Amino acid sequence: MARINMQLLAGALTKYLMGLVMFGLLLFLPAGTLNYWNAWLLIAALFGPMLILGIVLLVKSPDLLAKRLASKEKESQQKTVVALSALMFLASFILAGLDYRYGWTSLPSWMVWTATGIMLLSYLMYAEVMRENAYLSRTIEVQEDQKVIDTGLYGIVRHPMYFATTLLFLSFPLVLGSGIGFVIFLVQPFLLVKRIRNEEEVLEKGLEGYAEYKKKVKYRLIPFIW
C-alpha cells in the first residue's frame, strides 16, 4: 500500500475545507437562509466528486495533486486573468444568493437537473484529462522533462481540461437556478481565451514538439470552431 504524504494530505484537506466554507458563505449569506436547496445541490455535486478525486490522486498520483494545489502564477498576464475570475465567482455567487432571496429570476427544474448532470460529466472528463496528463499544473509553466501529450482527449482538442472546466463553471449558476448568475459567468469563456493564448505562447517557446502538435491538432477548445 502506498505511503500517504501527511503534509500533502493536510494541505489538500485545508484547501478543501476552506473552499467548502467559502462556498457556503457566498451562497447562504446573500440568500438569507440555509433552506436554499439549489446551493446544497451545487455543494454536493461539486465537493462530493472533488473529495473522491482528491483521495485517488493522494494515493495514486501525489505529485499531480501537489501541482493542482499550487496556485501562484508566474506569468504576469495570468495574474490579471486569475483576479478577474475571482471577481466573476464572487459576483455570480452573491447575486445568485440574492436572486434566490428576492426571486428575480427562476429556472425550471429540468434545467437545474440537466446542469447537475453536465457538472458530473464534466468532472469525469476532468478526471480523464488528469489520468492522461501527469504534467497538468494549475499554473502556466513548462516542467522539467515535460513531454507533449497527443493521445486521448488531447488528440481532439489541445486544451481538453479547459473545455471540461468551461462546462463545469457554466453549469454552476444553472444548478443554483439563477439566470443572473449565468449571465455573469458568460465572462469566463472570454477570460479563458486570453489564458489559452498566453499558455500556448509559453508552451511553444519552451516545450519541444509543441509547435508540431499545434499543426496536428488544429482546435484549441471546441472541435471545428476554435
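Here are some questions and answers about this predicted model. Residues are numbered from 1 along each chain as its sequence is written. In this predicted model, local features need pLDDT of at least 70 and side-chain atom pairs count only at pLDDT 80 or more, while totals for chains, interfaces and linings use all residues; side-chain values use heavy atoms, with hydrogens and water left out.

Q: In which helix of the protein chain is confidence highest?
A: Confidence is given by pLDDT, the predictor's score for each residue, from 0 to 100. The protein chain has a mean pLDDT of 85, with 89% of its residues reaching 70 or more. Helix α3 (residues 62–69) has the lowest confidence, at a mean of 74, and the highest, at 93, is found in helix α7 (residues 179–185).

Q: How many helices and strands are there in the protein chain?
A: Helices (H or I, at least four residues) and strands (E, at least two) are DSSP runs, numbered from the N terminus. Read from the N terminus on, the elements of the protein chain run α-α-α-α-α-α-α-α-α. The count is therefore nine helices and zero strands.

Q: How far apart are the end C-alpha atoms of helix α1?
A: The expected span of a helix is 1.5 Å times one less than its number of residues. Helix α1 (residues 6–31) has 26 residues and so should span 38 Å. That agrees with the model, where the end C-alpha atoms of α1 are apart by 37 Å.

Q: What share of the 226 residues in the protein chain is buried?
A: A residue is buried under 20% relative accessible area, exposed over 50% and partly exposed in between (1.4 Å probe, protein chains only). In α1, the buried residues include Y16, F23 and F28, and in α2 they include L41, L42 and F47. Over the protein chain, buried residues make up 41%.

Q: Are the rings of Y102 and W104 stacked or edge-to-face?
A: Rings of Phe, Tyr and Trp (its six-membered ring) pair if their centres lie within 6.5 Å; planes under 30 degrees apart count as stacked, over 60 as edge-to-face and the rest as tilted. By this rule there are 19 aromatic pairs. The rings of Y102 and W104 have centres 5.7 Å apart and planes at 20 degrees, so the pair is stacked.

Q: Is F172 buried or exposed?
A: The rings of F169 and F172 have their centres 5.7 Å apart and their planes at 50 degrees, so this pair is tilted. Both residues lie in helix α6 (residues 160–175), three residues apart, about one turn of the helix. With a relative accessible area of 2%, F172 is buried.

Q: Which helix gives the largest share of the lining of the second largest pocket?
A: On a 1 Å grid over the protein atoms alone, a pocket is an open set of points where a 1.4 Å probe fits, with protein on both sides within 12 Å along at least five of seven lines; lining residues have an atom within 4 Å of a point. The second largest pocket is lined by 15 residues, with N38, Y100, S106, L176 and G177 nearest its centre. Two or more lining residues come from each of α2 (37–60), α4 (76–102) and α5 (109–132). The largest share, three residues, comes from α4.
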